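Please open the model in your viewer and keep the selection tool at hand. The tour below goes from one selection to the next and says what is there each time.

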Amino acid sequence: MQHYHKKFDLYAIFSVIMAHPLPPTTNSEAGQSSRNWLGMKSDGRRQGIMDFLMDAGTASVDDLASRFGVSKMTVHRDLDELEQSGFLRKVRGGASIQPSGLFESDFRYRQKQAGEEKQRLAAAAVAMIEPGQTVIIDDGSTAGGIARHLADLRPLTVISNNLAVIQDLAGVGGITLIALGGQYSKKFHGFFGLLAEDTLRSLRADAAFLSSSAIHGVSAFHQDQEVVHTKRLMMAAAARKYLLVDHGKFGRTALHFLTDLEAFDAVFTGRELEPQMREALDGAGVSLTIVEKD
């Protein structure tokens with residue numbers, strides 16, 4: 001897929017840059033900020049653009065040109081390259097890494113969104129797990145939060161394509177970790193493709209915990225067809241299936257149909273839905289669990 005093949009290693013220096021935030025853009029320091037970026041090679045500048053968007057979500061061409069001390073034409077070329085690599089989407093007058101029906105945000109940006117709610121959902125979902133079971137955790141930032149709660153439920157076998165989950169659980173005593181192979185996606189911070197799919201077809205689990213980027217009507221959707229395929233195989237491999245979605249995903253749509261919500265044994269979200277939406281879900285036989293704040 002297009003965003004799996006890069007002309008440059010966009011995230012090779014990501015951790016270093018994240019530790020050194022971009023200079024502020026106050027009037028008194030704007031000139032110094034621009035001078036700091038003068039002479040920067042294109043790869044470093046593009047990483048700087050992504051760093052800024054991770055915090056801001058959106059940015060105008062004018063602001064980026066001023067911030068990095070380059071021409072608008074140079075900014076447009078940078079944005080074209082980043083869009084082609086699947087890291088952002090160009091909008092009128094600028095760029096955004098916020099999701100749309102065709103574009104899913106970078107994993108690191110999604111981790112920052114609705115963080116408190118996602119933690120509540122993960123903490124509630126682990127009640128569906130018993131010691132000795134085998135569980136699947138998908139690539140999503142919401143379902144991935146379950147990993148930090150699993151130590152108290154050992155022994156467990158955990159199957160995942162989520163690199164954050166794999167890193168959290170690697171070497172943890174009492175956890176048998178099966179890391180799905182495949183091609184690594186920097187955007188989704190997980191593994192996909194034929195190797196991951198073939199492995200999933202050969203495995204069976206007690207429960208699968210999934211996330212999705214959009215809930216429209218009584219169905220779940222996602223922007224990426226390969227991600228959809230992997231999630232469906234995870235569902236097929238598990239006796240019980242659970243969906244974790246923050247409330248902001250409801251009422252959204254995305255390009256590819258994943259599954260109807262009634263396919264899940266329970267759908268966890270963190271806030272009560274609008275009456276009309278809740279009525280539709282109840283009518284479709286969807287088991288919805290609202291995890292309220294304490």
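Begin by selecting Val91 together with Gly94, its bridge partner in strand 3. Strand 3 covers residues 94-96 and pairs with strand 2 in the antiparallel sense over 3 bridges, where two strands pair if DSSP finds at least two bridges between them. Strands here are DSSP runs of E with at least two residues, helices are runs of H or I with at least four residues, and both are numbered from the N terminus.

This is a predicted model, in which local features need pLDDT of at least 70 and side-chain atom pairs count only at pLDDT 80 or more, while totals for chains, interfaces and linings use all residues. Residues are numbered from 1 along each chain as its sequence is written, and side-chain values use heavy atoms, with hydrogens and water left out.

Now widen the selection to the open sheet of 3 strands, which has the order 1-3-2 and antiparallel pairing. Its edge strands are strand 1 (58-60) and strand 2 (89-91), each of which pairs on one side only. From one strand to the next, the twist averages 25°.

Buried means under 20% relative accessible area and exposed means over 50%, with partly exposed in between (1.4 Å probe, protein chains only). The buried residues include Arg45, Arg46, Phe52 and Leu53. After the helix comes Gly57, whose phi is positive, near 85°.

Move on to strand 9 (residues 205-210), where 5 of the 6 residues are buried, so that this strand too is largely enclosed by the rest of the structure. Strand 9 runs parallel to strand 4 (residues 134-137), joined to it by 3 bridges, and Ile137 stands opposite Phe209. Strand 9 also runs parallel to strand 12 (residues 238-244), through 5 bridges, with Leu210 and Leu243 as bridge partners.

Then select helix 9 (residues 194-201), in which Ala196, Glu197 and Leu200 are buried. These three cover an arc of only 95° around the axis, which puts them on the same side of helix 9; the arc is that of the directions from the helix axis to the C-beta atoms. On the other side, Leu194 and Leu195 are exposed. The cover over the buried residues includes strand 8 (190-192) and helix 10 (225-237).

Thr259 belongs to strand 13 (residues 256-260) and counts as buried at 12% relative accessibility.

Finally, show the whole protein chain, which has 11 helices and 15 strands, and in which 51% of the 294 residues are buried.

Methods
Axes are lines fitted to C-alpha atoms, for helices over the stretch in contact, and angles run from 0 to 180 degrees between N-to-C directions. Contact means heavy atoms within 4.5 Å.
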